[in-house]
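Please look over the sequence and the three-dimensional structure below before reading on. The paragraphs that follow lead from a single residue to the whole chain.

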Amino acid sequence: MFLHLGNATVVHQDDIIGIFDLDNTTVSKATRDYLAKAEKAGRVVNVSAELPKSFIVCENEKKEITVYICQLSTATLLKRIDSLVDIK
């Protein structure tokens with residue numbers, strides 16, 4: 001199953017490592033450093049030009065990490081995942 005992140009961006013549910021709230025997690029220097037390193041490596045995809053609320057870390061079959069910056073809240077994303085589980 002796929003999770004829709006917005007603006008025609010979808011990720012395979014099995015590729016998701018974590019979904020994180022930007023307000024809560026970017027307080028940590030380690031998280032800010034991680035996001036800066038991912039952006040420098042070209043691994044960050046901004047899903048929307050709107051104010052970001054969350055980021056999703058995914059790993060594909062080739063073990064490549066991609067970080068999606070998303071305007072949706074973590075609660076909304078988790079509801080979408082729950083609705084996918086109900087479909088199965």
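Leaving aside its neighbours within four places in sequence, which residues is Ile56 in contact with? Contact here means heavy atoms within 4.5 Å. By that criterion, Ile56 meets Leu5, Ile16, Gly18, Ile19, Thr66, Val67, Tyr68, Cys70 and Leu77. The model is predicted, so local features need pLDDT of at least 70 and side-chain atom pairs count only at pLDDT 80 or more, while totals for chains, interfaces and linings use all residues. Residues are numbered from 1 along each chain as its sequence is written, and side-chain values use heavy atoms, with hydrogens and water left out.

Ile56 has its place in strand 5. Helices (H or I, at least four residues) and strands (E, at least two) are DSSP runs, numbered from the N terminus. Ile56 is buried, with a relative accessible area of 0%; buried means under 20% relative accessible area, exposed over 50%, and partly exposed in between, with a 1.4 Å probe and protein chains only. Although Ile56 and Asp21 are 35 residues apart in sequence, their C-alpha atoms are 9.0 Å apart in space.

Ile56 also belongs to the largest nonpolar core, which has 11 residues in all, among them Leu3, Val11, Cys58, Tyr68 and Ile81. A nonpolar core is a set of buried Ala, Val, Leu, Ile, Met, Phe, Trp, Tyr and Cys residues joined through side-chain atoms within 4.5 Å. Strand 1 (2–6), strand 5, strand 6 and helix 3 (74–87) each give two or more residues to this core. A second, separate core has seven residues, including Leu35, Ala38, Val67 and Ile69.

In general, an α-helix has 3.6 residues a turn, so residues three or four places apart point the same way.

Ser28 caps the N-terminal end, where a side-chain oxygen lies 3.2 Å from the backbone nitrogen of Ala30. Just after helix 2, Gly42 takes a positive phi of about 80°.

Two further buried residues may be considered. Gln71, in the loop between strand 6 and helix 3, is buried with a relative accessible area of 14%. Thr74, found in helix 3, is buried with a relative accessible area of 19%. Beyond its neighbours within four places in sequence, Thr74 is in contact with Ile19, Phe20, Asp21 and Ser54.

Finally, consider the whole chain. The protein chain has three helices and six strands, in the order β-β-β-α-α-β-β-β-α along the sequence. Its radius of gyration is 13 Å, close to the 12 Å that the globule rule gives for 88 residues, so the chain is as compact as a globular protein of that length. The radius is taken over C-alpha atoms, and the globule rule is 2.2 Å times the number of residues to the power 0.38. Buried residues make up 34% of the 88 residues in the protein chain.

Technical notes. Polar contact = N/O pair within 3.5 Å; in protein donor to acceptor, adjacent residues only side chain to side chain.
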